[in-house]
Amino acid sequence: MASTSTASALVHSPRWQQFYQLTKPRVVQLIVFCAAIGMALAVPGLPDLSQALTMLAAIVGIWLVAGAAAAFNCLIEDGIDARMKRTAWRATAKGELSRPQTLAFSALLCAMGMLLLGVYVNVLTMWLTFATFVGYAVIYTVILKPMTPQNIVIGGASGAMPPVLGWAALRGEVGFEAWLLCLIIFLWTPPHFWALALYRAEDYARAGLPMLPVTHGNDYTRLQILLYTWVLFAATLLPYLTGMSGWFYLASAVLLGLGFCGYAFRLWRSYSEMLARRTFWFSIWHLSLLFAALLIDHYIA
Ligand code: HEM
Ligand SMILES: CC(C)=CCC/C(C)=C/CC/C(C)=C/COP(=O)(O)OP(=O)(O)O
């Protein structure tokens, strides 16, 4: 008995880490970053103390609910995750965390986040964040993902909500600027995900998920990535064209857009796994730096 528990102590990561990993920390960090930029852009100049406190509560609240949504996704997909190399290490896939434990964890995070948003931010942000939770955890994960290769296009709408949530937190309403940022993330999601799906196609086929490279093939997916990066490039110019942002943002958006389109073009012309991996990682830099540029531009204008 003693030797079994010693052996399992060597194999298992600490309990807190197993729970923490269910929240998909790195994805959620970028989601919260985009929400925080939405908050900063919603107020002219630097936030005052009361606005800064609202921002803090909103950041923690959105973080908690987004983490809850990610954990719920791991709960629903424990069987699928176990069949995919990329996700087989998750505690839910390995059976280290049971479904009731994961459900309780997700419900706790969601309830704490909702409470924080409802009490210290506003009711609109609380309900919009809950709708985003349902969009990802239920509509995308349960319904769309196993059903259609357009799963991430439609489901991407929930991943695109963070700037809207951020704006609502500070203003109590949602302006067109926030919807513009939402549109940018919405159009960014397909090339972001499909670049990864290209080199993970075997995983998805084994799991029986109808991702685009599995259902329509590698060539078609590369063409879609190319077309989406063009439309995304055009959409990223809108904050400048509508007077929301200035020259610094414009220069950044053009450079980042050329970079992303460049990767997509090279990938379309000839496929290699290395290039698909690089395109995926560039997508993350693209969105992170684009939103950082929006923030810098907001303060230097
Ligand atoms: C439906 C929409 C989306 C899908 C299907 C999707 C899918 C994925 C997948 C499968 C990964 C790989 C994770 C891994 O390495 O195991 C990933 C990574 C990542 N995604 Fe997304 N994503 C979506 C939306 C977003 C959004 C909205 C953001 C941020 C605003 C985001 C940020 C990231 C980041 C930062 C990573 C890297 C994680 C790491 O370092 O391990 N994704 N995404
Ligand atoms: C409340 C709020 C702001 C919610 C945000 C929702 C959210 C966490 C969106 C991120 C999208 C995401 C983690 C996709 C991963 O795809 P996947 O689930 O198909 O990836 P997997 O194969 O790694 O499980």
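A residue is near a molecule if one of its heavy atoms lies within 4 Å of it. I started my notes with that cut-off in hand.

**Setting up.** I am working on a predicted model, where local features need pLDDT of at least 70, side-chain atom pairs count only at pLDDT 80 or more, and totals for chains, interfaces and linings use all residues. Residues are numbered from 1 along each chain as its sequence is written, chains are lettered from A and ligands numbered from 1 in the order in which they are written, and side-chain values use heavy atoms, with hydrogens and water left out.

**Ligand 2.** I asked which residues come nearest to ligand 2. Of the 15 around ligand 2, they are Lys24, Arg86, Tyr136, Tyr140 and Lys145. I then looked for polar contacts (a pair of N or O atoms within 3.5 Å). Polar side-chain atoms lie 2.6 Å from an oxygen atom of ligand 2 for Tyr140, 2.8 Å for Lys24 and 3.1 Å for Asn73. The protein covers 89% of the 630 Å² of accessible area that ligand 2 has on its own (Shrake-Rupley method, 1.4 Å probe). Two or more residues of the shell come from each of α3 (25-42), α4 and α7 (123-144), and α7 gives the most, with 5 residues. My helices are DSSP runs (H or I, at least four residues), numbered from the N terminus.

**Helix α2.** Within α2 (residues 15-22), I found Gln18, Phe19 and Leu22 buried, meaning under 20% relative accessible area (1.4 Å probe, protein chains only). They cover an arc of only 95° around the axis, so they sit on the same side of α2; the arc is taken from the directions from the helix axis to the C-beta atoms. Their cover includes α4 (49-76) and α6 (99-120).

**Iron of ligand 1.** Which protein donor does the iron atom have? The only one is His192, through NE2 at 2.2 Å, where donors are N, O and S atoms within 2.8 Å of the metal (3.2 Å for Na, K and Ca). Water is not among the atoms, so the site may look incomplete. I placed His192 in helix α10 (residues 176-199).

**Tyr228.** I located Tyr228 in helix α13 (residues 217-241). Is Tyr228 buried or exposed? Tyr228 counts as buried because its relative accessibility is 18%. Leaving aside neighbours within four places in sequence, I saw contacts (heavy atoms within 4.5 Å) from Tyr228 to Val153, Leu187, Pro190, Pro191 and Trp194.

Conventions:
Buried means under 20% relative accessible area, exposed over 50%, partly exposed in between (1.4 Å probe, protein chains only). A polar contact is a pair of N or O atoms within 3.5 Å; within protein, one must be able to donate a hydrogen and the other to accept it, and residues adjacent in sequence count only if both atoms are side-chain atoms.
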